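Try each task on your own, then follow the solution step by step.

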Amino acid sequence: GAPVECTPLVLTERVYFGTRGGRIFCLDLQTGTERWTYDIPDGWDVSSGIRALKDRIFFGSFDGAFHILDGRSGRSLIRLVPLSPPRPIRYPPSEPGGSGIVALNSGGVGVVAVNIQSGTMSWSFRTESEVLGAPELAGTCVVFATTDGTIHILEAETGAGAGRISLGSRLESPGRAADGSYIVGDAQGRIRHHHFGEGGYA
């Protein structure tokens, strides 16, 4: 079979994961029995993680499409291409906010938000430097870092700027949001810990 690079999702009695061959599997958690499979059109790779909201699962694929499936049956509900030209989606979306909006890294050129209930784009935010990893939900905000050493903080519902922190050194990997702060290692071998309130948005 095709390699599995997608982090599995466990939801009640089901396990979901995707393959580099573009197939999504749903298995019974206890027995490993296959409940259903779904094939991405043209076999595009799925290496990003899968998230869930109620009975819907969602993920991105290398053709730049964002998919929403019925988690019970595997039926495709929505296929959305957030950017033109399409950019590969290599990382999982953020956890959904209170209104069902998730943010995702679209090929490193920006972050886009999708409403899982309606299947429509809510907002997009382009960056001058490459977006690192998956955006994270932190309270009512979405937080992510770019290679130029900037931590971006956006309102999850609207994409409006809520803060921006310049670290003054290049980043090569994403950090983690925790307790109102962002922790990341920079290219000079230092661990940086900054609270969201330290930077005004400009």
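**Exercise 1. Which residues line the largest pocket, and which element gives the largest share of its lining?**

Solution. This is a predicted model, so please read each step with that in mind.
- Step 1: Collect the lining. Arg51, Pro92, Ser94 and Glu95 belong to it, together with Ala134, Pro135, Glu136, Leu137, Pro174, Gly175, Arg176 and Ala177.
- Step 2: Strand 12 (131-138) and strand 16 (176-178) are the elements that give two or more residues. Strand 12 has the largest share, with 4 residues.
- Step 3: The largest pocket holds about 160 Å³ of space.

**Exercise 2. Find the residues with the most contacts inside the largest nonpolar core, then list what Ile24 is in contact with.**

Solution. A reminder before you start: in soluble globular proteins, nonpolar side chains tend to be buried together.
- Step 1: Locate the core. The largest one has 14 residues, and Tyr16, Ile24, Trp36, Ile50, Ile57, Phe59 and Leu69 have the most contacts inside it.
- Step 2: At least two of its residues are supplied by each of strand 3 (23-28), strand 4 (34-39) and strand 6 (56-60).
- Step 3: Zoom in on Ile24, setting aside neighbours within four places in sequence. Its contacts are Phe17, Gly18, Trp36, Thr37, Tyr38, Val46, Ile50, Ile57, Phe59 and Leu69.

**Exercise 3. How many helices and strands does the chain have, and how compact is it?**

Solution. 
- Step 1: Count the elements: there are 0 helices and 18 strands.
- Step 2: Compare with the globule rule. The radius of gyration is 17 Å, close to the 17 Å the rule gives for 202 residues, so the chain is as compact as a globular protein of that length.
- Step 3: Look at the extent. The C-alpha trace spans about 50 × 35 × 35 Å along its principal axes.
- Step 4: Finish with burial. Of the 202 residues, 52% are buried.

Note on methods:
Residues are numbered from 1 along each chain as its sequence is written. This is a predicted model: local features need pLDDT of at least 70, side-chain atom pairs count only at pLDDT 80 or more; totals for chains, interfaces and linings use all residues. Side-chain values use heavy atoms; hydrogens and water are left out. A nonpolar core is a set of buried Ala, Val, Leu, Ile, Met, Phe, Trp, Tyr and Cys residues joined through side-chain atoms within 4.5 Å. Buried means under 20% relative accessible area, exposed over 50%, partly exposed in between (1.4 Å probe, protein chains only). Contact means heavy atoms within 4.5 Å. On a 1 Å grid over the protein atoms alone, a cavity is a set of points where a 1.4 Å probe fits but cannot get out, and a pocket is an open set with protein on both sides within 12 Å along at least five of seven lines; lining residues have an atom within 4 Å of a point. Grid points are joined across faces, edges and corners, and a volume is the space filled by probe spheres set on the points. The radius of gyration is taken over C-alpha atoms; the globule rule is 2.2 Å times the number of residues to the power 0.38.
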